Amino acid sequence: MINSVENERMSNRELWQNTLVQIELGTSETSFRTWFRNTDIVNRDANTVQIAVPSKIVKEWLMEKHHKLILSTLRTIDNTIRNVEYSVHRAPVVPAEHKASRAAASPENASFDLQSLYIDKRDNLNPRYTFDTFVVGPFNQLAHAAAKAVLDHPGATYNPLFIYGSTGHGKTHLIQAIGNHFKKNHTSKKVLYVTSEKFAVDYINSVRAGNANNFKNQYRQYDVLIMDDVQFIANTEKTQEELFHLFNALRDNNKQIVFSSDKHPMLLPGFEDRLKGRFAGGMIAEIPEPDIESRTAIIKAKLESHGFSIPEDIIKFIAESVRGNIRELEGVLNMIVCKSQLKGKTISQADVRTLIKHNLKPNRGVSIEEVVHRIAGYYDIPEKSIYEKTRKKEVVRPRQIIMYILREEFNVSFPSIGEKLGGRDHTTVIHSCEKIKQEIKTDSSLEIEIDHLRALIHAS
Amino acid sequence: MKIGTTKERLLNAILLAERIVGKKESLPVLSCILIEANDREVTLSATNLEAGVDIRLPAEVEESGVVAVSAHVLAQTIRSISGDKIQLKTEDSNLLIESRGTKTLIKAVPHNEFPALSTSVETKGIVVSRENLLRGIQSVSYAASPSMIRPELGSIFISLSTSGMITAATDSFRLAEKVLSNTAIKEDQDILIPLKHALELTHVLETIDSETVTLQLDESQIAVLSDGIKIGHVRYVSRVVDGQFPNYKEIIPKSFTTEATVLKNDFAEMLRKARIFSGNDQHVGLHIYPNRKIFSATAQSNDVGEMSDSVDAALTGDDIDINFHIGYLNDCFTSIQSDSIILGFSGPARPVVIRGVSDANFTYLVMPLNR
C-alpha cells in the first residue's frame, strides 16, 4: 500500500481533511455532518482516490449527489487525481460514546480464547499441511531447505521462492506449510494462499464490477503471498500484467512471495519474459520424482498418521510398485487401510497386489517392440539380437531385464512374453523374472538401472 | 399528492417505519417518513443511513406525489385517529390528513435530501422461513456484544447452508448458538448483521405476516424482502459487517467431567434468590458434589448478607466449585423450551455448557469468573 511516491505527496489524511474543509464551506452544516461524517481516504494510487464511507446508502448518495464536488475539490489540491471510487468500511465506525458504555462487562469474568479461532477463510490455508507432516528425502531436500530459509528471513533471502515439479510431488504441501508456519509463529503477518486460477477469477470479477482498485489493495496488503500452479494463467495477458505489478509492489516492500508450477519458470509457455525473469529472480527449487527410500519413508509417515501398521515387506512392495505420484501413493494406502479394517485382519502381499492393480502405471500403449527397442538401445546392443537364440552374456542379461519389466510393469503373461521374444518357453520367462527379482534384492546398482529403464519407457 | 387508505394498514406501516428513523440525526429529513404515491401504490420509507425500510401498501391514489413528514408526529397523529378511512393529501407542500371530522396539517420537510435505499436486483436472493429467521436471531441476540469495537462480536452471525440455518452470537464471555435444520437452503452464505440492526430486523419480522422472506446480499448490505397480507410489500436493508466470525465450534467442549440435570424453573428460582444477595457484581457460586448428591448455589455481599440454596438434580462426575455472573446464566432461559436443562462442566476454568434436555439445537456457553 505504501507507494514510493507517497512521501512526496500529501498524506491521505491531510488530503482528505483539506478537501473536507473546502466541501464544508460549500454545503449546509447538517448535510455536511450527515454525509461526510466518518468518511476517509483509504487508498490512493496513480490517479484514483478511494473513499471509505459508513454504509451503502451513504455511498450511493455521495456518488449521485456529491461526486462532482468531491472530485473537483480534490483536484484543486492535487490535480493528478482523475477519479474517485467509493467503498463501504469493512466494519461500522465505533461511535465514541459506545466505548464507555457498559464498561467492559466484568473484568473478573474469564473470556473465551477467541483469538486463535479466526480461521480466516481469506488465507485459504489448509492446516493439515505443515512441516511436521512433510517427509524430507533426498529428492526434496533442496526445496525443503529453501522453504526453511524463507521462514528464517522472509522477503530477504529467497524472494520469490519458486518450487516446481510434477503433480503429486508435494509442492502444495510444502508451500502451504510455509503459509501455516507464518500464520502460527507470526500472527501479525498476513498470509494468503491462492491458486493462480482463483487470482485470475478475482481479477476478472473485479474488473467486471468496476473496482479493480479494490482488487489491487486486497492483494497488496499481504505479507506473504503464496500462489499455487502459476502455469494456469498462461496466455492471460491482463492477469499476468496484474500479477507483474502485484509482484513488484510486494517485492519492493520486502514481502515474501512463493510460487509453484509444473515447469521451470524459463520453460513456462504463454508467459511474458518479464514475468518469467521475475519468477526466476529468486530461488528455484525442483521437487523431482521421489526415490524409493523416500517413498518408503512417506508410506511409513502416512501409515503412522492413520495409526496403522503393515509389514515391512508390503511397505517395500508398495514403494516399488507405486511410483512417482505421492497423491496416488496416499490413495493406495487409504485403500489398504480401509480394506484391512473391513476384513479385520492383517493384509497380505497378494491382497495388496490385487488392490493396487489399477494404480500400477498403466501400459500407456507402449508396445513390446518399443520396450525392446528402448532397452536394447540403453544397453547399446542390436535390437534383433534380443529375439535371436544367442546366449551371449551381453544379450542374455538385457533380455532377462526386458522380460522382468514386461511382466512387472505391464502385466504381460509369461507365455506371451516368451512368444514375442523369439518363441521361448514360458518357463524360461518365469526363470528370468525370478532371477532378476532375486538379484534386485542384493544388487542396488541393478535396481537403479531398472529404475532408469522404467523412467525411459514411461518418458515416451 | 392525494391518497386514501385504511387506518390499520397505514398505522402498521408507519409504526414499522418509525422504529427505523434516526434518533439523533442532524439532517431533519432523516427523522422523517417519506411518503411516495404513484399508480396504485403508496411507499413509505425511513432510514438511519445504516439501515432502512420501505413499505409498499395498496391505496387509492388520486394524485401521485411525494412528501416527507416527521415520523414521530405522523405516528402520533394516525394513532389518535378514530375513523377507519384516512385521506392524505398535500396542501401547499404540507401534509393534510383527513378522517371523519378530524383534520390535521403536518409541516412537511424538504425531501430532496432523503436518500434512496439502493436496490440490488442482481442477486436472486435466498428464501428462508420468516419464523426460523426470527427465532434464530432472538435465541442468540442477547449474547452479542453491545459494543462495535470488535464488529464481529457486536453482530449476529447467520450461517446458511444446505443443512439449514445456524445463528450464533458471542461477546467472548458467553456464546449462544441455535441450529434450525428444517430450512433447506440451496447456497452457502455467512452473514454478520450488527446487533442493533438485527434487533430492528426481529421487530420487522414480528410485524409482517408472510410465510417466508427473501434475503438479498451484496458486499456491504443485506436486504430482507417480504410480501405479506397485513402490511404489504416490506423491504428492510441493513449494512453487514465484512468480517470473520470466530470458529466458535472449537470452544464447545465435547465431553464433560461433571454433568447436572435440573428443572429449568428450579435453577432460575435459585439464581433469583442468589441475585438478591449477590450485590452489584452479581456473582454466584455453584457447588456440585455428585457423590453427596448436592447441587447448591451461594452468594454473599458485604451490604446485604449471604445465602445458600440447593435444588434437586441428577448429577454425575467429579465434584466442582465454580463461580459465574448471574446475568450471563439467566439470559439463556428464554431460549430453552424444555422443562429440564443439562449443565455440563469440564473443569474450574472451562466454560459451562447449557442445553435443554433432548434439545441439541440450542447451545449456550458461559465462561466462569476468574477467581
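I started with H15(A) and H17(A), which are oblique to each other; angles under 35 degrees count as roughly parallel, over 145 as roughly antiparallel, 65 to 115 as roughly perpendicular and the rest as oblique. Helices here are DSSP runs of H or I with at least four residues, numbered from the N terminus. The model is predicted: local features need pLDDT of at least 70, side-chain atom pairs count only at pLDDT 80 or more, and totals for chains, interfaces and linings use all residues. Residues are numbered from 1 along each chain as its sequence is written, and chains are lettered from A in the order in which they are written.

I looked up the axes of H15 (residues 368–379) and H17 (residues 393–410) of chain A: they come within 10 Å and cross at roughly 140 degrees. Axes are lines fitted to C-alpha atoms, for helices over the stretch in contact, and angles run from 0 to 180 degrees between N-to-C directions.

I then listed the contacts (C-beta atoms, placed from the backbone, within 7 Å). Ile368(A), Val371(A), Val372(A), Ile375(A), Ala376(A) and Tyr379(A) of H15(A) meet Pro398(A), Ile401(A), Ile402(A), Ile405(A) and Leu406(A) of H17(A). I sorted these residues into eleven nonpolar, no polar and no charged; Ala, Val, Leu, Ile, Met, Phe, Trp, Tyr, Cys and Pro count as nonpolar, Asp, Glu, Lys and Arg as charged, and the others, Gly among them, as polar.

Next I checked the chain pair. I found 33 residues of chain A in contact with 43 residues of chain B. On the chain A side, H3(A) gives the largest share, five residues. That side divides into 15 nonpolar, nine polar and nine charged residues.

Notes: Contact = placed C-beta atoms within 7 Å. Helix = DSSP H or I, 4+ residues; strand = E, 2+ residues; numbered from the N terminus.
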